[in-house]
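Please look at the sequence and the structure first.

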Amino acid sequence: MSNPWEDNLIADMRANGGVVTQGPLAGHPLLVMTATGAKSGEARRSILTWTRDAGDYIVAGTAGGSPVTPGWVHNVRANPDVQIEVENRTVNARASVVYDEAERQRLWDQHAAELPWFAEYPEKAQRPIPMVRLSPVG
């Protein structure tokens, strides 16, 4: 689960109020999501780019434009209770994959407008990009 590059990225975020200040992701809105593995039942960490919608955090299952849906999407489908570290705080959240196509498209369009480098991913991936709503609980 531990990866030195990810560990350094998270350390940078924690040292700077939740903001990445170094490397290729400097300035990107990132969160750390810990979900339970669908098969393993073990904690799985994912670093994801987010936008906001109605008080929730919205993340996209792009896998950088890969043709394969990232494993974390399967994990949250099976185990929607997650923990997120975002904006220098840790909160429990409920993940919900958006199945309604109009809503999925609205969230994707909003996400790509705020994060323009995402715009090429659907064509590159040749698959629908899952959109996931992370709703803080408690």
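The points below cover cores, the cavity, the pocket and aromatic pairs.

The model is predicted, so local features need pLDDT of at least 70 and side-chain atom pairs count only at pLDDT 80 or more, while totals for chains, interfaces and linings use all residues. Residues are numbered from 1 along each chain as its sequence is written, and side-chain values use heavy atoms, with hydrogens and water left out.

**Nonpolar cores**

- A nonpolar core is a set of buried Ala, Val, Leu, Ile, Met, Phe, Trp, Tyr and Cys residues joined through side-chain atoms within 4.5 Å; buried means under 20% relative accessible area, with a 1.4 Å probe and protein chains only.
- The largest nonpolar core has 19 residues, and Leu 31, Met 33, Val 76, Val 82, Ile 84 and Leu 134 touch the most other members.
- At least two residues of this core come from each of β1 (30–36), β2 (43–53), β3 (56–60), α2 (71–78), β4 (81–86), β5 (89–97) and β6 (131–136). Helices (H or I, at least four residues) and strands (E, at least two) are DSSP runs, numbered from the N terminus.
- β5 gives the most to this core, with 4 residues.
- A second, separate core of 12 residues includes Ile 58, Ala 112, Ile 129 and Met 131.

**Cavity**

- A cavity is a set of points, on a 1 Å grid over the protein atoms alone, where a 1.4 Å probe fits but cannot get out; lining residues have an atom within 4 Å of a point.
- The count is 1 cavity of 30 Å³ or more, where a volume is the space filled by probe spheres set on the points, and grid points are joined across faces, edges and corners.
- Met 13, Arg 14, Gly 18, Glu 85, Val 86, Glu 87 and Asn 88 line the largest cavity.

**Pocket**

- A pocket is an open set of points with protein on both sides within 12 Å along at least five of seven lines.
- The largest pocket has a volume of about 350 Å³.
- Its lining has 20 residues, of which Ile 47, Leu 48, Thr 49, Thr 62 and Gly 64 lie nearest the centre.
- β2 supplies the largest share of this lining, 4 residues.

**Aromatic pairs**

- The structure holds 4 aromatic pairs, meaning rings of Phe, Tyr and Trp (its six-membered ring) with centres within 6.5 Å.
- Trp 50 and Tyr 57 have ring centres 5.1 Å apart and planes at 80°, so this pair is edge-to-face, a term for planes over 60 degrees apart.
- Trp 50 is buried at 12% relative accessible area, and Tyr 57 is buried at 0%.
- Trp 108, Trp 117, Phe 118 and Tyr 121 are linked by ring pairs into a cluster.

Conventions:
Buried < 20%, exposed > 50% of the residue type's maximum accessible area, 1.4 Å probe, protein only. Phe/Tyr/Trp six-rings, centres within 6.5 Å; stacked < 30°, edge-to-face > 60°.
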